[in-house]
Each structure stands twice: as C-alpha cells, then as structure tokens.
Amino acid sequence: MGDNRRMADGISSFWGPVTSSTEWCEKNYAYSSYIAEFYNTISNIPCVILALIGLINALRQHFEKRLSILHLSNMILAIGSMLFHATLQHMQQQSDETPMVWEMLLYLYILYSPDWHYRSTMPTFFFLYGAIFAIFHSQVRFSTGFKVHYAILCLLCIPRMYKYYIYTQNVSAKRVAKLYVITLFLGSLCWLFDRVLCRKVSHWPFNPQGHALWHIFMGFNSYFANIFLMYCRAQQREWAPRIVYFLGVLPYVKVQKPKSL
C-alpha cells in the first residue's frame, strides 16, 4: 500500500493526511488537491443517476415506500462513497460502509417480508441491528471483519433472489435478473483485480481503475436488482407488471393497477 499512499508530485492534499483504514489502487491527488482518488470518486456518478431514475419511476407509479427507499438508499450509498474516495478520511469511510450494511438489511427485509407472518418483528430487528452496527462501527475499526460481515449479508439475499427467479415466467424480467448476476460477477472480478494485482498495476504505464469499474458495475447491479424486485412485488400485488425500455436500452417496470386501487 505504500505506493497507494504517495501523492502525485506537485499537488497537495486539501483534506490532510489519510486516516481511512482502506485505500485502493489509485494514486492520491493525481488531478486535484480536493479529490484524493479521482476515478474512484467520479465513477459513483452513474450510480446516483441510475438510482434517481429508479426512484422517479417508483414514485410516479406509486410503488410501496420500501421500494422508493431502496432506490434512495442506493443514491445515499453512492454519495457516501464519493465522499470517502474524495477525502480518504475515517469519518467519510463510515459514511460509505455503514450505508452499505443498512442497504443490505433493507434488501433482506424486502426479500423476506412477504412471507413473514410476524410483520412488526422483522423491521424492528433490522432497525436495531442497523443502529447497533452503526454505533459499533463508529468506535471500532475492523477492515477484514467488515468485508466478511458484508459478504454474509449479501449471501443471505441469494436464496430468495433465486426463488423469485425460478417462479418468474416473464422472459424480460428473467433477462433483468441475469443482468443482475452478470454485473455482480464482472464487478467482483474488477474489485479482486484491484486488490490482488495492485503492486503489479502500479508498474504499468496505465491503471485500468478496477475499483472505479466496480462502482460502475455495482451501480447497474443495484439498479437491475431493484427493477427485478419491483417486478416481483408488482406481480405479488397483481398489478400486471411488464418490463419496458427507456430509449430502448434501460429496463424499468410499468404496471397496470386494477381500477379498484
């Protein structure tokens, strides 16, 4: 990590010394004294835009609040990530990592709550879990432990996502689910590449910016996950959902609610 912490020649740090426990394979302050990791910062912009598109769609079609909050949480997470990579400060790192856990708790709630008979217990448990984690995370640094904890939360989502997939008959909805898997796989490869091969990359004439690519892939991954969940939820509510495409490229859910609703 020694090469990582070295700043580009001739550019000083506006934010002061690095205090975060994690850095990535990008030279600090290479383009601006205000942005520590330039590409890792701006690569979150597509995530914000996609989350905003999803939020507008959810609000316009009057989906349940939980789905609007899900898109909003994606947006908050991307903004927190921008703050972290722009400053490399410990407090801003928490503004990235804590919303990551909160977002996964929200995904777990949305995935499992339809079949949960004791409705008040699940949101109460997740709220307390998220609050306790935030307090603990603010006091204790645990880089590897955080990654393991986050990975476990992600893995808990997979069985339910797979169940939704096999019970979905619509070809377009299944295609969105496949895009979710593909972007997750490609993003994970970029993340591993950036972490494992950083020392070799530092000697290359160019940096492929693996972590920035991870941000972009995961921005699309979150969007595809949300669209698929919106489709499944609309199907549960018998809203006759269908997948349509904005400009023929970006999928979103369009519903036809019964007139009685």
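**The disulfide and its surroundings**

Reply: Cys-25 and Cys-198 are joined by a disulfide, with 2.4 Å from S to S. The model is a predicted one, and this disulfide is the one that the structure holds. The torsion about the S-S bond of Cys-25 and Cys-198 is about 90°, so the disulfide is right-handed. Cys-25 belongs to the loop between helix H1 (2–5) and helix H2 (38–42), while Cys-198 is in helix H9 (residues 198–201), so the bond ties together parts that lie 173 residues apart in sequence. Cys-25 and Cys-198 are both buried.

Cys-47 takes part in no disulfide, and the nearest cysteine sulfur, which belongs to Cys-190, is 13 Å away. Cys-47 has 10% relative accessibility and counts as buried, because the cut-off for buried is under 20% relative accessible area. Cys-154 is likewise in no disulfide. For Cys-154 the nearest cysteine sulfur is that of Cys-157, at 6.5 Å, whereas a disulfide requires sulfur atoms within 2.5 Å. With a relative accessible area of 25%, Cys-154 is partly exposed.

Cys-154 leads on to the largest pocket. Cys-154 is among the lining residues nearest the centre of this pocket, along with Met-100, Tyr-150, Trp-214 and Met-218. The lining has 48 residues in total, and the volume of the pocket is about 1100 Å³. Six helices each supply at least two lining residues: helix H3 (45–60), helix H4 (65–87), helix H5 (90–112), helix H7 (143–166), helix H8 (171–196) and helix H10 (210–236). Of the contributors to this lining, H10 gives the most, with eleven residues. By class, the lining of the largest pocket contains 30 nonpolar, 14 polar and four charged residues.

The largest cavity holds about 70 Å³ of space. Its lining includes Ser-21, Thr-22, His-137, Val-140, Arg-141, Phe-142 and Ser-143. His-90, Gln-93, Gln-94 and Glu-97 also line the largest cavity, and H5 gives the most to this lining, with four residues. The lining of the largest cavity divides into two nonpolar, seven polar and two charged residues.

The second largest cavity has about 40 Å³ of space. Around the second largest cavity are Ile-110, Pro-114, Tyr-164, Leu-229, Cys-232, Arg-233 and Gln-236. H10 supplies the largest share of this lining, four residues. Here the classes are five nonpolar, one polar and one charged.

Phe-142, from the lining of the largest cavity, and Tyr-150, one of the residues nearest the centre of the largest pocket, belong to one aromatic cluster together with Phe-133, Phe-136 and Phe-146. The count for the structure comes to 17 aromatic pairs. A pair of aromatic rings is described by the distance of the centres and the angle of the planes. The ring centres of Trp-204 and Phe-206 are 6.2 Å apart and their planes lie at 45°, so this pair is tilted. Trp-204 is partly exposed, at a relative accessible area of 38%, and Phe-206 is exposed, at 54%. Tyr-223 and Phe-224 make an edge-to-face pair, with 6.1 Å centre to centre and 65° between the planes. Tyr-223 counts as buried at 2% relative accessibility, and Phe-224 is buried with a relative accessible area of 7%.

Two lysines sit over aromatic rings. The charged end of Lys-174 lies over the ring of Tyr-165, at 3.7 Å from its centre. Lys-257 is placed over the face of Trp-239, 4.2 Å from the ring centre.

Conventions. Residues numbered from 1 in each chain as written. Predicted model: local features only at pLDDT ≥ 70, side-chain atom pairs only at ≥ 80, totals over all residues. Heavy atoms only, no water. 1 Å grid on protein atoms, 1.4 Å probe; cavity = no way out; pocket = protein on both sides within 12 Å on 5 of 7 lines; lining within 4 Å. Points joined across faces, edges and corners; volume = space filled by probe spheres on them. Nonpolar A, V, L, I, M, F, W, Y, C, P; charged D, E, K, R; others polar. Buried < 20%, exposed > 50% of the residue type's maximum accessible area, 1.4 Å probe, protein only. Phe/Tyr/Trp six-rings, centres within 6.5 Å; stacked < 30°, edge-to-face > 60°. Lys NZ or Arg CZ within 6 Å of the ring centre and 35° of its normal.
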